Amino acid sequence: MALSLNRSALRRYIERSIQDLPALPTAVTRVLELTENPNATASDLDKLIGSDPALATKVLRVVNSAYYGLSAEVSTTSHAIVILGFQQVRNLVLSMAAMSLVKARTQAMIQTQYAFWRHAFGTASTARMLAERKGCSVETRDIAYTGALLHDLGELFLLANFPDLLREVLRQSAATGIMMQESEQRVLGIDHAEIGGMLTQVWKFPVELTDMVAHHHGPYNEMPSVSVALVHAADYYASLCGFASVPNGSFYLDPFVDEWLNLREEELPAFFEAISEKVRDAETFFDLI
Ligand SMILES: [Fe+2]
Ligand SMILES: [Fe+2]
């Protein structure tokens, strides 16, 4: 079906299916609304998460996983908010909801999806480590983490909804050696960064998140915003560390970002070890997404 359509028809077809996606769960939409309200408190957030028991259970399981490395068990969402902070719990809820909505439906896709998730968590952990290294604020670290977790959402969307098209994209990318996003433009007339940006817009996620997702590839004409730069660099380093989602994934580091980061060659082994450890820890909750 879709494969026989031309590029601009395919683009329209994909755009329409983005608009047709199911809405976010009510509790998650209300979490987003809460974020817009400057007077919102941790207890408001706690009440919202608590109104959706499945969501509350997921949050607690993730918080208690090895990934967060907490010394004591967290048994309530209010405790989770105290420990991780309002922003981080909110970001966790948004990320899990977004990833659940675009997850693969057949067994055959599970393996590819697994590689995407490893890439997503590898990139997210890397973004946070880079932000710490640059001395960024806690807010920037948290938003960069979430942006990094969601940056390839468009790829997951293609995997779940257009697996045949994605296979063709990957085939052409492997045959010609071009990067995934170029292959997507050739085959589909749209790439996964643009698709991801549209998804986060449809779900009314914060603009900063949309920016990180839509512009994570570069090249840039000037130094991008700090959060975009962090996601872009994290994507590159996580891929270099062995957590690329696809063979011709994100092996481009923009010179502006490279200069800003100024990561030295001798820092890489320890850095890669830390990324690998975080991905191993995250594997304990992949089944939740
Ligand atoms: Fe990407
Ligand atoms: Fe990526």
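Among contacts in the protein between residues at least 6 apart in sequence, 72% link residues at least 24 apart. That comes from a predicted model, and the fold behind it is built from 16 helices and zero strands. The radius of gyration is 18 Å, close to the 19 Å that the globule rule gives for 289 residues, so the protein is as compact as a globular protein of that length. Of the 289 residues, 54% are buried.

Take helix 1 (residues 7-19) and helix 11 (residues 180-188) to begin with: their axes sit 7 Å apart, and the packing angle is about 105 degrees. Angles from 65 to 115 degrees count as roughly perpendicular, and helix 1 and helix 11 are therefore roughly perpendicular to each other. On the helix 1 side, the contact is made by Arg7, Leu10, Arg11 and Ile14, while helix 11 puts in Gln185, Arg186, Val187 and Leu188. Sorted by class, this contact of helix 1 with helix 11 comes out as four nonpolar, one polar and three charged residues.

The other pair is helix 9 (residues 153-161) and helix 12, whose axes come within 7 Å and cross at roughly 95 degrees. Helix 9 and helix 12 are therefore also put down as roughly perpendicular to each other. Here Leu153, Gly154, Glu155, Phe157 and Leu158 of helix 9 meet His192, Ile195, Gly196, Leu199 and Thr200 of helix 12. By class, the contact of helix 9 with helix 12 has five nonpolar, four polar and one charged residues.

Helix 12 (192-202) turns up again around helix 13, as part of what covers the buried residues there. In helix 13 (residues 207-214), the buried residues are Leu209, Thr210, Met212 and Val213. Looking down the axis of helix 13, these buried residues fall within an arc of 160 degrees, so they line one face of the helix. Besides helix 12, the cover over the buried residues of helix 13 includes helix 6 (86-101), helix 8 (138-150) and helix 14 (226-243).

Lysine 204 lies in the loop between helix 12 and helix 13. Its phi is near 60 degrees, a positive value in a residue other than glycine. Lysine 204 is also exposed, with a relative accessible area of 65%. Past helix 13, in the loop between helix 13 and helix 14, comes proline 219. A cis peptide bond joins glycine 218 to proline 219, with omega at about 0 degrees.

Further along, asparagine 262 lies in the loop between helix 15 (255-261) and helix 16 (268-282). Phi of asparagine 262 is near 55 degrees, again a positive value in a residue other than glycine. At 52% relative accessibility, asparagine 262 counts as exposed, the cut-off being over 50%.

How values were computed: Residues are numbered from 1 along each chain as its sequence is written. Chains are lettered from A and ligands numbered from 1 in the order in which they are written. This is a predicted model: local features need pLDDT of at least 70, side-chain atom pairs count only at pLDDT 80 or more; totals for chains, interfaces and linings use all residues. Side-chain values use heavy atoms; hydrogens and water are left out. Axes are lines fitted to C-alpha atoms, for helices over the stretch in contact, and angles run from 0 to 180 degrees between N-to-C directions. Helices (H or I, at least four residues) and strands (E, at least two) are DSSP runs, numbered from the N terminus. Angles under 35 degrees count as roughly parallel, over 145 as roughly antiparallel, 65 to 115 as roughly perpendicular and the rest as oblique. Contact means heavy atoms within 4.5 Å. Ala, Val, Leu, Ile, Met, Phe, Trp, Tyr, Cys and Pro count as nonpolar, Asp, Glu, Lys and Arg as charged, and the others, Gly among them, as polar. Buried means under 20% relative accessible area, exposed over 50%, partly exposed in between (1.4 Å probe, protein chains only). The arc is that of the directions from the helix axis to the C-beta atoms. The radius of gyration is taken over C-alpha atoms; the globule rule is 2.2 Å times the number of residues to the power 0.38.
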